[in-house]
Each structure stands twice: as C-alpha cells, then as structure tokens.
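Try each task yourself before you read its solution.

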Amino acid sequence: MLKLGSTPDKREQYRLMRDAMEKRFIRVTRGSIVGGVRLGMFTAAFCGLQNLLAEKRGFHDVYNVVGAGSATAATFGLILPGSLRWRVRNMMLGSVMGAAICFPLGWLQLKLVEKANEQRALVASEVRDSTE
C-alpha cells in the first residue's frame, strides 16, 4: 500500500492514491463477479442433475440429491487449477464430500416436502368440506 507523504507533490500523491483505490475496486469487483458466476453454475448444475435423476429414476428421493451433489462437486473439483494428479484428488474428495453433505440435506428436503404435502392435503380437505 502506498504511504502518505511518499511524494512531496500533493496532486501526485492524490493521483497515486486514487489509482491504487481504483485498482483495488476493480480487483474486488472482478472477484465478486467471478464468484457469482461460479456459484450460479454450481447451482444450475446441481438442480439440473437432481431433476434429471428424478426424471430418469421415476421418483424423487434422497439418492437424487446425493447423486447430484456428488457429481456436481466432483465436476467442480476436476476443473480446479492444478496438475492432473491434484485434479483427480479434488474430484474424488469432492465426490465423497458432496455425497456426505447432500445426504442429510436431501433427507431434510424430503421430510419438508412430505410435511408440506400433508398440510396441503389437510387444507384441501377442509376447503372441500366447507363448500359442501
């Protein structure tokens, strides 16, 4: 970082500080945009794989979420920078970690969907009874 008073000219000092702040702003902005794009790609891949597995298997359960999480984490582990050995390590670790993290989340999602369907059925039966 530039120290104040490193040049005797105040205008030059102001210009140097402004340039340093502009460079920092551009670096932070670029990092935020790249991070947002990566998060969006990860989310789109996860949801797409989850829906594809549910469609191909014929029903929605925990294993669709686990499979989508494992495959997505493995794919993103593979595209990280590094040597081929490092990428394969990241892919295997991502696959295991994706499955380990997604299993409880998938189970929780399944239970919440079941509870919501029960509530929906209860409200629908109450509405049907009140109209009769």
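**Exercise 1: Two cysteines**

The sulfur of Cys 102 lies 11 Å from the closest cysteine sulfur, that of Cys 47, which is too far for a bond. This is a predicted model, in which local features need pLDDT of at least 70 and side-chain atom pairs count only at pLDDT 80 or more, while totals for chains, interfaces and linings use all residues. Residues are numbered from 1 along each chain as its sequence is written, and side-chain values use heavy atoms, leaving out hydrogens and water.

Task: How many disulfides does the count come to?

Step 1. A disulfide is a covalent bond between the sulfur atoms of two cysteines. The rule used here asks for a pair of cysteine sulfur atoms within 2.5 Å.

Step 2. By this rule the count is zero disulfides. Cys 47 is in none, as its nearest cysteine sulfur, in Cys 102, is 11 Å away.

Step 3. Now look at burial (buried means under 20% relative accessible area, exposed over 50%, partly exposed in between, with a 1.4 Å probe and protein chains only). Cys 102 is buried at 10%, whereas Cys 47 is partly exposed at 35%.

**Exercise 2: A pair of rings**

Task: Find the aromatic pair and say what kind of pair it is.

Step 1. Rings of Phe, Tyr and Trp (its six-membered ring) pair if their centres lie within 6.5 Å; planes under 30 degrees apart count as stacked, over 60 as edge-to-face and the rest as tilted.

Step 2. The count comes to one aromatic pair. Phe 42 and Phe 76 have ring centres 5.3 Å apart and planes at 65°, so the pair is edge-to-face.

Step 3. Compare their cover: Phe 42 is partly exposed at 32% relative accessibility, and Phe 76 is buried at 19%.
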